[in-house]
Amino acid sequence: MLEINHLAVISRLLPFSAKVKRGDRVHIIGPNGAGKSSLLAAIAGMLKAEGEVVIAGNRITELSGRELSRYRSYLCQQYLPLSAMPVYQYLSLHQIAGSSAEAVDKTLTQLCNLLHLNDKLAHKITQLSGGEWQRVRLVATLLQVWPSVNPQGCLLLLDEPANSLDIAHQQALDLIINEFCSEGGIAIISDHDLNHTLQHACRVWMLSRGEVIANGLTAEVMQPEPLSLNYGVFFKLHHFEGRSWIMTV
């Protein structure tokens, strides 16, 4: 379980508390500048914050960086490749020490197959397209906490992971995240696509000006009135072939 107790970042995020159980997929939504990235970075322990975050019974402030990396992985919104190392070498840097070589190879093959990266492993990361680099970053982040490689891994924090991905790879990523959650992992994801959140999240945290103004089940939070007030755009909820869709009016 993940516990967040009065987590706050000065001038960025007002105090927020929540409990997230294993298997949950939580989406964070809100306009630009609402505090989504700050909340994710604070949970990851990458941003100075007040309050506390407890992962699997451990306060993150009491864990070393190496210990924390065994429990959670974090994909920041933007990160440019800084060296000319090949993809396979970059991915090797995200393997947890002591992991079974067989499990790592099997997991890497699985993830690279799903995200179509097997033919890119020998390429230098500085030669990749934006979408290819994003997929490499995702595989590295997933590998760090994938259950078959790291049994302690339980929390996946993704800041706008669909950036630069085409529809096929967005769909593949959703399947991977769902598999991680089905194994008891927790995924917390910032998302600008309201319909994507409506279809895939089990819980939603909606932010406005650094404050979580709604925290609940997806069907409860993703309603036209609160969304319209927060985004300044009029929304309407439509139902088609058993699914719901948020549309602007």
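The largest cavity is lined by Met1, Leu2, Arg22, Ile55, Ala56, Cys154, Leu155 and Ile186. Here a cavity is a set of points, on a 1 Å grid over the protein atoms alone, where a 1.4 Å probe fits but cannot get out, and lining residues have an atom within 4 Å of a point. The space inside the largest cavity comes to about 40 Å³, with grid points joined across faces, edges and corners and a volume taken as the space filled by probe spheres set on the points. A search of the whole structure turns up 1 cavity of 30 Å³ or more. Sorted by class, the lining of the largest cavity has 7 nonpolar, no polar and 1 charged residues; Ala, Val, Leu, Ile, Met, Phe, Trp, Tyr, Cys and Pro count as nonpolar, Asp, Glu, Lys and Arg as charged, and the others, Gly among them, as polar.

This is a predicted model, in which local features need pLDDT of at least 70, side-chain atom pairs count only at pLDDT 80 or more, and totals for chains, interfaces and linings use all residues. Residues are numbered from 1 along each chain as its sequence is written, and side-chain values use heavy atoms, with hydrogens and water left out.

Next come the pockets. A pocket is an open set of grid points with protein on both sides within 12 Å along at least five of seven lines. The largest pocket holds about 440 Å³ of space. Its lining is made of 22 residues, and the closest to the pocket's centre are Gln170, Asp174, Asp193, His196 and His200. Two or more lining residues come from each of helix H6 (167–182), strand E8 (186–190), helix H7 (194–200) and strand E12 (243–248). These helices (H or I, at least four residues) and strands (E, at least two) are DSSP runs, numbered from the N terminus. H6 gives the most to this lining, with 6 residues. By class, the lining of the largest pocket splits into 7 nonpolar, 9 polar and 6 charged residues.

The second largest pocket has a volume of about 260 Å³. Of the 13 residues lining it, Tyr74, Leu75, His94, Thr141 and Gln144 are the closest to its centre. Strand E6 (72–75) and H5 each supply at least two of the lining residues, and the largest share, 4 residues, comes from H5. The class count for the lining of the second largest pocket is 7 nonpolar, 4 polar and 2 charged.

H5 also takes part in a helix pair. Two packed helices are described by the angle between their axes and the distance between the axes. For helix H4 (residues 101–114) and helix H5 (residues 130–145), the axes come within 10 Å and cross at roughly 145°; axes are lines fitted to C-alpha atoms, for helices over the stretch in contact, and angles run from 0 to 180 degrees between N-to-C directions. On the H4 side, Thr107, Leu108, Leu111 and Cys112 make the contact, while H5 brings in Val139, Leu142 and Leu143. Contact means heavy atoms within 4.5 Å. The residues of this contact are 6 nonpolar, 1 polar and no charged.

Leu68 sits in helix H2 (residues 65–71) and counts as buried because its relative accessibility is 7%. Buried means under 20% relative accessible area, exposed over 50%, and partly exposed in between (1.4 Å probe, protein chains only). Not counting residues up to four places away in sequence, Leu68 touches Ala44, Ile55, Ile60 and Leu63. Leaving aside neighbours within four places in sequence, Gly210 is in contact with Arg12, Leu13, Leu14 and Ala34. The C-alpha atoms of Gly210 and Ala8 are separated by 9.1 Å, although these residues are 202 residues apart along the chain.

Gln78, found in the loop between E6 and helix H3 (87–92), counts as exposed because its relative accessibility is 67%. Ser11 lies in the loop between strand E1 (2–9) and strand E2 (13–20) and, at 77% relative accessibility, is exposed. Phi of Ser11 is near 70°, a positive value in a residue other than glycine. His116 has a positive phi too, near 55°. This histidine, His116, is placed in the loop between H4 and H5 and is partly exposed, at 47% relative accessibility.
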